[in-house]
Amino acid sequence: MRAAVLGTGQTHHRTRRTDVSMAGLCREAIDRALADAGVDWSQIDAVVLGKAPDLFEGVMMPELFLADAIGAAGRPLLRVHTAGSVGGATANVATSLVRAGVHRRVLAVAFEKQSESNAMWALSIQPPFTAPIGAGAGGYFAPHIRAYIRRSHAPGHIGALVAVKDRRNGARNPYAHLRQPDITLESVQASKMLWDPIRYDETCPSSDGACAVVIGDQAAAEASTRKVAWIRATAMRTEPTFFAGKDHVNPRAGAEAARALWQAAGITDPLDQVDVAEIYVPFSWFEPMWLENLGFAEAGHGWKLVESGETALGGRLPVNPSGGVLCSNPIGASGMLRFAEAAMQVMGRAGEHQVAGARTALGHAYGGGSQFFSMWVVSDTAPASV
Amino acid sequence: MLSAPLNIGFDYTRSLGPVLGRFMAGLRDRRVLGSRSADGRIHVPPLEYDPATHAPLTDLVEVASTGTVLSWTWTDHPLEGQPLDRPFGWALIRLDGADTAMLHAVDAGTRDRMQTGMRVHIRWSPERTGHIRDIECFEPGSAAPVPPSADTGEPVTIMTTPIRLSYTHTTSTDESRYLRALAEGRLLGQRCPVCHKVYVPPRVCPADGVPTEEEVPVRDHGTVTTFCVVNVPFPGQRLDPPYVVAQILLDGADIPIPHFVIGDAGQVRMGMRVAAVWRPPEDWTTTPENIVHFRPTGEPDAPYESFEEHL
């Protein structure tokens with residue numbers, strides 16, 4: 001059964017959204033998504049909530065107290081947990097409910113209120129019988145970025161190029177947390193080294209924010225008076241965080257998810273057939289790494305697409321025209337933002353960061369220690385068969 | 001098996017938003033506010049959104065500080081962080097003027113003073129800050145209400161909610177064996193019978209899902225496969241930055257362990273040969289911290305090809 005994104009909504013992402021509660025944050029995104037979809041609450045059949053690990057806000061099962069505010073009273077409510085990829089997985093779960101014929105319209109929402117805690121602390125807790133080696137997500141991923149640079153022989157400035165591109169893109173996005181139109185290669189390279197080889201300006205911010213999407217079946221899509229984003233394919237794969245021989249640079253689960261995704265979407269040459277990609281890049285170097293993992297480039301060659309400007313707006317494959325995770329990182333929502341931004345592109349509703357003529361777009365998220373992968377392909381026309 | 005306490009805690013903050021912010025400000029002034037939904041019901045504590053129409057609820061009305069117990073239970077052993085440190089009743093209390101009940105503690109002294117339908121009133125905290133704890137607990141009876149203090153009008157935007165979690169962390173049998181070997185100054189690996197990879201520390205093979213049973217001694221020398229120089233400070237950090245956390249492939253193992261490498265951070269490199277620096281044997285316990293850090297050995301670097309599959 002076909003499914004489509006009927007509408008998307010997101011908050012203005014900021015370091016601290018102390019003007020709203022968690023419920024208010026979610027509703028800001030939900031209300032915008034419902035308005036964008038042109039549907040009211042009576043047309044929503046189920047709600048799916050995504051949220052990063054509970055320790056990040058210190059609320060055990062936030063879906064319990066949020067049920068009223070996110071419209072779940074009297075409807076089925078599911079919560080999805082897949083660490084940083086959860087926003088993407090949440091959209092995929094909602095899509096599955098529609099494609100399976102269980103529901104006509106499903107609301108998916110994901111959020112994060114990082115200001116209420118400290119994710120760096122939450123990710124660095126030292127259990128007994130271990131050494132105090134945790135140093136947050138940057139400490140975890142920096143060695144793998146170093147391994148990528150060694151393996152691909154990428155020039156040292158590639159990470160900075162990505163940061164400049166994404167931060168400038170973010171300046172075109174009114175919802176972005178960081179909007180830095182004047183950032184330069186020199187200023188990025190002069191920024192403080194945090195987790196060598198990751199610099200301050202190559203790191204995502206810590207954001208409060210939420211995102212919501214309304215997914216509908218074919219009848220709902222055809223009843224919409226507005227343009228929809230047809231979901232051509234979804235894919236999710238998982239692998240252990242650690243195992244002997246794990247390829248942290250080019251994880252097998254990500255590569256297998258991408259292969260399954262392209263096959264289901266009928267895409268044989270992703271670089272040629274995809275017009276724009278929103279990829280989960282929390283540290284700038286992950287753009288070339290994921291370009292390879294997703295099959296847009298051969299292993300070891302992703303950085304060349306970056307260096308030649310092909311991933312910038314106007315390039316062959318604009319990546320993260322919204323500014324991506326490098327500009328806004330409400331962790332639980334970051335994956336859904338990638339999925340929503342991909343939909344906005346093919347709906348022609350991406351405003352100042354619209355990629356001209358975008359008809360097919362990728363939304364991608366990953367989470368855990370490069371462990372969970374979720375992705376979808378959306379298009380402006382209905383798939384021939386599903 | 002080994003076990004040890006794991007205590008974690010954080011002073012989380014809650015952004016209250018307009019509705020809960022007014023509710024907390026009211027508590028500071030000894031007033032209880034509820035929100036009126038479209039069907040006319042008064043919800044205490046206030047809901048932010050109407051559960052039926054989903055509209056934001058902005059109509060806040062004051063209710064009484066006296067109420068009725070709708071149902072209850074008794075706790076003889078209060079836990080840390082609960083409203084009272086002596087036995088008390090947990091009750092669903094509907095304040096006069098409200099249509100919903102809130103859960104709170106009743107300081108009844110003994111279980112036989114609790115009953116459904118009993119009248120109770122709020123005991124206010126002597127020092128109120130605009131926090132849910134401004135309601136200390138409830139007391140039996142409809143005592144003369146304490147008049148609210150002047151409405152100071154200052155909104156409350158943030159409420160701090162300290163959370164403390166106490167666990168007993170228990171290791172697996174494989175991990176316990178590894179840790180006991182560490183206490184004797186030995187590094188123990190175990191080989192997977194399917195993929196033949198040697199895991200340090202031993203565990204059920206994540207790739208094959210079977211126990212790794214064959215014990216394989218592993219040397220306390222190894223190769224830095226990749227690393228991070230940590231320059232960033234953060235809460236709970238145990239070392240002063242900068243310091244190097246490296247993935248170290250011990251000789252004989254097929255998966256690296258993370259540990260510190262001491263030396264000039266600028267000199268640490270992929271392929272560098274390192275050796276464990278142990279604490280004095282009398283200090284050894286069941287912890288990887290028996291190894292203080294690794295130090296460069298000065299041997300020639302290992303060729304990249306020898307560790308490229310163990311990054």
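Which residue follows α11(A), and is its phi positive or negative?

Modeller: The residue that follows α11(A) is A:G295, and its phi is positive, near 90°. This is a predicted model, in which local features need pLDDT of at least 70 and side-chain atom pairs count only at pLDDT 80 or more, while totals for chains, interfaces and linings use all residues. Residues are numbered from 1 along each chain as its sequence is written, and chains are lettered from A and ligands numbered from 1 in the order in which they are written.

The helix itself comprises residues 286-293 of chain A. Helices (H or I, at least four residues) and strands (E, at least two) are DSSP runs, numbered from the N terminus. Eight of the eight residues of α11(A) are buried, so the helix is largely enclosed by the rest of the structure. A residue is buried if 20 or more other C-beta atoms lie within 10 Å of its own, exposed if 12 or fewer, and partly exposed in between, with C-beta atoms placed from the backbone. The buried residues of α11(A) are A:F286, A:E287, A:P288, A:M289, A:W290, A:L291, A:E292 and A:N293. Their cover includes the helices α5, α6 (158-170), α9 (252-265) and α12 (302-307), together with the strand β10 (360-367), of chain A.

Residues are in contact if their C-beta atoms, placed from the backbone, lie within 7 Å.

Strands pair if DSSP finds at least two bridges between them; β2(A), residues 46-51, runs parallel to β3(A) and is joined to it by four bridges. Within that pairing, A:V80 in β3(A) is the bridge partner of A:G50.

Chain A as a whole has 14 helices and eleven strands. Its radius of gyration is 19 Å, close to the 21 Å that the globule rule gives for 386 residues, so chain A is as compact as a globular protein of that length. The radius is taken over C-alpha atoms, and the rule is 2.2 Å times the number of residues to the power 0.38. Along the principal axes, the C-alpha atoms of chain A fill a box of roughly 55 × 45 × 45 Å. Of its 386 residues, 65% count as buried. Among contacts in chain A with a separation of 6 or more, 79% are between residues 24 or more positions apart.

The contact between the chains takes 49 residues from chain A and 52 residues from chain B. On the chain A side, α1 (22-37), α4 (119-122), α5 (136-152) and β5 (193-196) each supply at least two residues, and α5(A) gives the most, with eight residues. The residues of that side divide into 26 nonpolar, 14 polar and nine charged, where Ala, Val, Leu, Ile, Met, Phe, Trp, Tyr, Cys and Pro count as nonpolar, Asp, Glu, Lys and Arg as charged, and the others, Gly among them, as polar. β5(A) is joined by two bridges to β14(B), residues 221-230, and the two strands run antiparallel. There, A:D196 stands opposite B:V229.

As for confidence, the model scores ipTM 0.92 and pTM 0.96. Chain B averages a pLDDT (the predictor's confidence in each residue, from 0 to 100) of 93, and 98% of its residues score at least 70.

Notes
Contact = placed C-beta atoms within 7 Å.
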